[in-house]
Amino acid sequence: MIENNNNNNNNNNNKINNIKIISRKQIFSRIKKLIIIFIILTLLNSFINLIFEQINNALNDDGTNISKIQGLERIKVQLTNESSHDVKINRKYCGKDECRFLLAYHPLEQESQANMHFESFVQIAQRLNRTIVLPNVGGSRMHVCLPFSFSFYYDVDGLQKIFPMAQFITQQDFMKWTKELDEKPDTYHANIIPREKPFVVEYEEPTIRTIKTLNNKECLNQFDLKLDSVTTKFKTIYLGVNVLYPPTKDNMKIENFMKSELQTNSKVLLMTHHLSTLLFADTIKFPVIPYSKKIIDIQQNITKKLGNYLAIHWRFEKGKPKLMTKCAKNLIDWIKDFSRDNKIDNIYLATDYPLQGKAQSSSFFNIKEEHHQAMRMLNSTIKLNTWISLNALDDLKSDQDEKINKELKGSGIQGIFDKLVLINADWFVSGPIGCARIQSRYTRRIRYARDKLKNSGNNKIKNISTLWRSV
C-alpha cells in the first residue's frame, strides 16, 4: 500500500516537470517569432522611407524624373505589345491589335443580283463592326473560288464612297493574313433565310462531309482557318421577312435579333444568305457597286465611236422557241420604221445568245435551232454592232493568260460592258413577252439608270425603254 502511494507521487512530479519544459519551449519560440517580425518591419520601414525620398527628389526636380519614368513605362508597354507576332500581323492587315472579318464566300446568282447581295453583306458587316472581305469574281459571279480580284469587275474606291464607314480587305490580303498568323483564326458559320417565322434559330451539327464541302467545293482550304466540326459553330437564322426596309418598329426588332445572333468572338464570321432583295434599302434605287474604271473607259470610247445609236437587248432566255423567227421579223420591221423617223448612226446588240463559245448568260443553256435561225435572219438584214465586232475588250486579251480568254468566251465581264453600253445609248429597245425574258434585275437596272440620267439633264438619253412589237 505504501509502495503504491510512492509511485503515484513520482508520476505526478514527472507531469509537472514536463509541463514546465513545454512552457519554456513555447516562450522561446514566441520570442524568436517576435524578433523576426521586428526585423521585417524595420526593413519595410527603411524601404518605404527610401521610396518617399525618391518621390521627393523627383518632385524637387520639376517632374523631370517622373516624365522619364513614365516614358520608360510607355516604351516598355509598347515593346511588350510589339513583341507579339500576331499583333504586328493584325496591325498590318486591319490596322488594329485584333482583327475581326466577315467573309461572304459565295454570294448567290449572276452579277446584277450578286452586286446587290454583296451590298447586304457590307451593311451587315458595318452593323457588326467587322471588316468585310472582297471576294474574287469571274464568269459574272462572286466566289472565293474564282480567278480574278474584286477590282477586275468593280471600283473599290467607288464602293468605299457608298459605304464610307465600312472597312474592306481584298481576298488576297485576307489569305495572307491567315497564313502569317501564328495562332490561326477561329471561325463561326451563319446562314440567313428570309422565310418561316421570325426570331427562329437552328443550330447544326456539322459533319466531316460539311467541312469537306466548304474546304473543297467552296475553296475555303486556300485560307489557314480553324474550320472543323468540333470548334466551328453553324447557325441558321430565320428572319421571317425578305427586307428590313423601311426601318419600322417591327423591322428594327428583327434586325436587332439578327445582329444579336450574329455576335461572336470568333475572328472570322463565314456567311451565306438566301435574300432575294437588298436587305436594308430600296433594291432598285440604292446605288449599285460601281464598275471598274478600266471597263468604264472602254465603254466611253466605244459609245463615242457609235455616235447616235440604238441599243437592242434581246434576252432569248424564257422566250418561246417556236416564236423566234417571227420575233426576229417583227424586230427588223420595227427597226426600219424607227429609222425613218430618227437619225441613227449605229445599232448595238446585247444578247445572251452565244456570239462565240458559250451563251452570254450562265442561266441560258437550252439553245435550239430556232434561236440560231432568228439570229441568222437578224444578221442578214441589219448591220449589228456587238462587243465582238467592235473588238471592245481586246485590250483584256492575253495569249499567256488562259483565265482571261476563258472569261471572254462565256458570260462575264462582257455582260457588264453590254450593260453600260445599253445604259448610255440614245435609244433603248428590248424584247416583248413571248420573244424574250422581260423580268430581270439586269433590265430593271438599265431602265432605272437611264431614267436617272434623263432626269439629271443628259440630253443623249432620248427614251427610257421601249418594247418592239409583240407576236
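The model is a predicted one. In the protein, 14 helices and 13 strands are assigned. The chain comprises 471 residues, of which 43% count as buried. Contacts between residues at least 6 apart in sequence are made up, to 79%, of pairs at least 24 apart.

The packing of helix 4 against helix 14 was examined in detail. Two packed helices are described by the angle between their axes and the distance between the axes. Helix 4 spans residues 111-128 and helix 14 spans residues 441-455; their axes lie 8 Å apart and form an angle of about 75 degrees. Since angles of 65 to 115 degrees count as roughly perpendicular, helix 4 and helix 14 are therefore roughly perpendicular to each other. The contact is formed by Ser 112, Gln 113 and Met 116 on the side of helix 4, and by Arg 441, Tyr 442 and Arg 445 on the side of helix 14. By class, two nonpolar, two polar and two charged residues take part in this contact of helix 4 with helix 14.

Gln 113 is found in helix 4. With a relative accessibility of 14%, Gln 113 counts as buried, because the limit for this class is under 20%. When residues up to four places away in sequence are not counted, Gln 113 touches Leu 108, Ser 276 and Arg 441. The side chains of Gln 113 and Arg 441 are joined by a polar contact of 2.4 Å. Gln 113 is also 9.3 Å from Leu 278, C-alpha to C-alpha, although 165 residues separate the two in sequence.

Arg 445 belongs to helix 14. Its relative accessibility is 7%, and Arg 445 therefore counts as buried. With neighbours within four places in sequence left aside, Arg 445 is in contact with Met 116, Thr 283, Ile 284, Phe 286 and Val 288. For Ile 284, the backbone oxygen lies 3.4 Å from a polar atom of the Arg 445 side chain. The C-alpha atoms of Arg 445 and Ile 284 are 6.8 Å apart in space, while the residues are 161 apart in sequence.

Further residues of note lie in loops. Thr 264 is placed in the loop between helix 8 (249-261) and strand 9 (268-273). A relative accessible area of 15% makes Thr 264 a buried residue. The side chain of Thr 264 reaches the backbone nitrogen of Ser 266 at a distance of 3.0 Å. Apart from residues up to four places away in sequence, Thr 264 touches Arg 100, Arg 130, Tyr 188 and Leu 269.

Tyr 245 and Pro 246 are joined by a cis peptide bond, with omega about -5 degrees. Pro 246 is located in the loop that runs between strand 8 (233-238) and helix 8.

Positive phi values occur at Lys 318 and Asn 391, neither of which is a glycine. In Lys 318, phi is near 80 degrees. Lys 318 is found in the loop between strand 10 (309-314) and helix 10 (324-341). With a relative accessible area of 61%, Lys 318 is exposed, because the threshold for that class is over 50%. In Asn 391, phi is about 55 degrees. Asn 391 is placed in the loop between helix 11 (369-381) and helix 12 (402-409). The relative accessible area of Asn 391 is 47%, and this residue is therefore partly exposed.

Technical notes:
Residues are numbered from 1 along each chain as its sequence is written. This is a predicted model: local features need pLDDT of at least 70, side-chain atom pairs count only at pLDDT 80 or more; totals for chains, interfaces and linings use all residues. Side-chain values use heavy atoms; hydrogens and water are left out. Helices (H or I, at least four residues) and strands (E, at least two) are DSSP runs, numbered from the N terminus. Buried means under 20% relative accessible area, exposed over 50%, partly exposed in between (1.4 Å probe, protein chains only). Contact means heavy atoms within 4.5 Å. Axes are lines fitted to C-alpha atoms, for helices over the stretch in contact, and angles run from 0 to 180 degrees between N-to-C directions. Angles under 35 degrees count as roughly parallel, over 145 as roughly antiparallel, 65 to 115 as roughly perpendicular and the rest as oblique. Ala, Val, Leu, Ile, Met, Phe, Trp, Tyr, Cys and Pro count as nonpolar, Asp, Glu, Lys and Arg as charged, and the others, Gly among them, as polar. A polar contact is a pair of N or O atoms within 3.5 Å; within protein, one must be able to donate a hydrogen and the other to accept it, and residues adjacent in sequence count only if both atoms are side-chain atoms.
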